[in-house]
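Subject: Structure handover

Hello,

Here is the structure I promised you. Please open it first, then read my notes below.

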Amino acid sequence: DLFLEEMNITPVEYQQNKLLSKGFFDPVTIQDFPIRGMQVYLHVKRRRWLNQDTGMVVYRNWELVAKGTRITQDFAAFLKAIS
């Protein structure tokens, strides 16, 4: 189990806005490539910011999980290629 937490670095698309870190979304668990025969689970915590100019919550758009699965896109492509 690997626990990953997004760093407090402002997303590029919001560089011109004043953002205030407002914590994290609930963690998401993703299964990834097995390492040495053991299952690998990534527990990812995405950060959210308050845009003080608009009052809206903003966040990065991550495309980590393959659509309709709980595994990463790379692992899904690998499994599709070998089947």
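Contact here means heavy atoms within 4.5 Å. The model is predicted, so local features need pLDDT of at least 70 and side-chain atom pairs 80 or more, while totals for chains, interfaces and linings use all residues. Residues are numbered from 1 along each chain as its sequence is written, and side-chain values use heavy atoms, without hydrogens or water.

Start with Arg 47. Leaving aside neighbours within four places in sequence, Arg 47 touches Glu 5, Glu 6, Met 7, Asn 8, Ser 21, Gly 23, Phe 24, Phe 25 and Tyr 59. Arg 47 is buried (under 20% relative accessible area, 1.4 Å probe, protein chains only; exposed is over 50%, partly exposed in between). Arg 47 has no salt bridge (a side-chain nitrogen of Lys or Arg within 4 Å of a carboxyl oxygen of Asp or Glu). Glu 5, the nearest side chain of opposite charge, is 4.4 Å away.

Now the rings. Rings of Phe, Tyr and Trp (its six-membered ring) pair if their centres lie within 6.5 Å; planes under 30 degrees apart are stacked, over 60 edge-to-face, the rest tilted. The count is one aromatic pair. Phe 25 and Tyr 59 have ring centres 5.3 Å apart and planes at 90°, so the pair is edge-to-face. Phe 25 is partly exposed at 27%. Tyr 59 is also partly exposed, at 41%.

Last, a charge over a ring. The charged end of Arg 48 sits over the ring of Phe 25, 5.2 Å from its centre (the rule: NZ of Lys or CZ of Arg within 6 Å of the ring centre and within 35 degrees of the ring normal).

Best wishes

Technical notes: Lys, Arg positive; Asp, Glu negative; His and termini not counted.
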